[in-house]
Each structure stands twice: as C-alpha cells, then as structure tokens.
Amino acid sequence: MAKNPVTEEEMCEIFSSNLRYLRKSRRWQLSQKTLARILHIPRKSIIHYESGRTLPPTYITYRMAAYFGCSMEELLTEKIY
C-alpha cells in the first residue's frame, strides 16, 4: 500500500522539528550561528527553517542530511526523534 504524499506544509513542519531536534540533541548541541557557518548560509535562513516558514533549497537539505548523518527524505518526511 502506497503512502499518501506529504504536503509542502507538512514537510515544512517535519523539517523544522527535525532540525530543531538534531541541532539541540546531546550529540550536536549546535547554535544557529554555528550551523549557519558550517553550511555557509545566513543565520536568518536557519531561523526561517526552524520556524517552519520555508523549506531550504535542495543543496542545503543535502548538506544538512550529510552533516547529521541521515537522508534528505528522512529530514523532510519522517520525524527523526
């Protein structure tokens, strides 16, 4: 049985909660500023992603997934915690 596709709104919500969780987990404990520096993006972008206002471009999602050791699909469609 096929899964129902995730809407963009649901994707924003899942991504933002996953990003907040990963960034604040005991293993990582990264500030928004630190993560922005690692990914070479403005800190405001991290704030927008964490608030669920917008999804990051594909290359940012790819870099975040690689950094945190998960897949792009997991970041966007499944709760990691």
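This is a predicted model: local features need pLDDT of at least 70, side-chain atom pairs count only at pLDDT 80 or more; totals for chains, interfaces and linings use all residues.
Now step back into α4 itself, which covers residues 58-68. Which of its residues are buried? They are Ile60, Thr61, Met64, Ala65 and Phe68. These residues sit on the same side of α4, because they cover an arc of only 135 degrees around the axis. Turn to the other side of the helix and you'll find Thr58, Tyr59, Tyr62 and Ala66, which are exposed.

So what lies over the buried side? The cover includes α1 (8-24), α2 (32-39), α3 (43-50) and α5 (72-77). Take Met64 as an example: leaving aside residues up to four places away in sequence, Met64 touches Phe15, Leu19, Leu39, Ile46, Tyr49 and Leu75.

That brings us to the largest nonpolar core, which has 18 residues. Ile46, Tyr49, Met64 and Phe68 have the most contacts inside it. Helices α1, α2, α3, α4 and α5 each give two or more residues to this core, and the largest share, four residues, comes from α4. As a general rule, nonpolar side chains in soluble globular proteins tend to be buried together.

Arg23 pairs with Glu50, and their closest N and O atoms are 2.4 Å apart. This pair links distant parts of the chain, with Arg23 in helix α1 and Glu50 in helix α3, 27 residues apart. Are the two partners buried or exposed? Both Arg23 and Glu50 are buried.

Conventions. Residues are numbered from 1 along each chain as its sequence is written. Side-chain values use heavy atoms; hydrogens and water are left out. Buried means under 20% relative accessible area, exposed over 50%, partly exposed in between (1.4 Å probe, protein chains only). The arc is that of the directions from the helix axis to the C-beta atoms. Contact means heavy atoms within 4.5 Å. A nonpolar core is a set of buried Ala, Val, Leu, Ile, Met, Phe, Trp, Tyr and Cys residues joined through side-chain atoms within 4.5 Å. A salt bridge is a side-chain nitrogen of Lys or Arg within 4 Å of a carboxyl oxygen of Asp or Glu.
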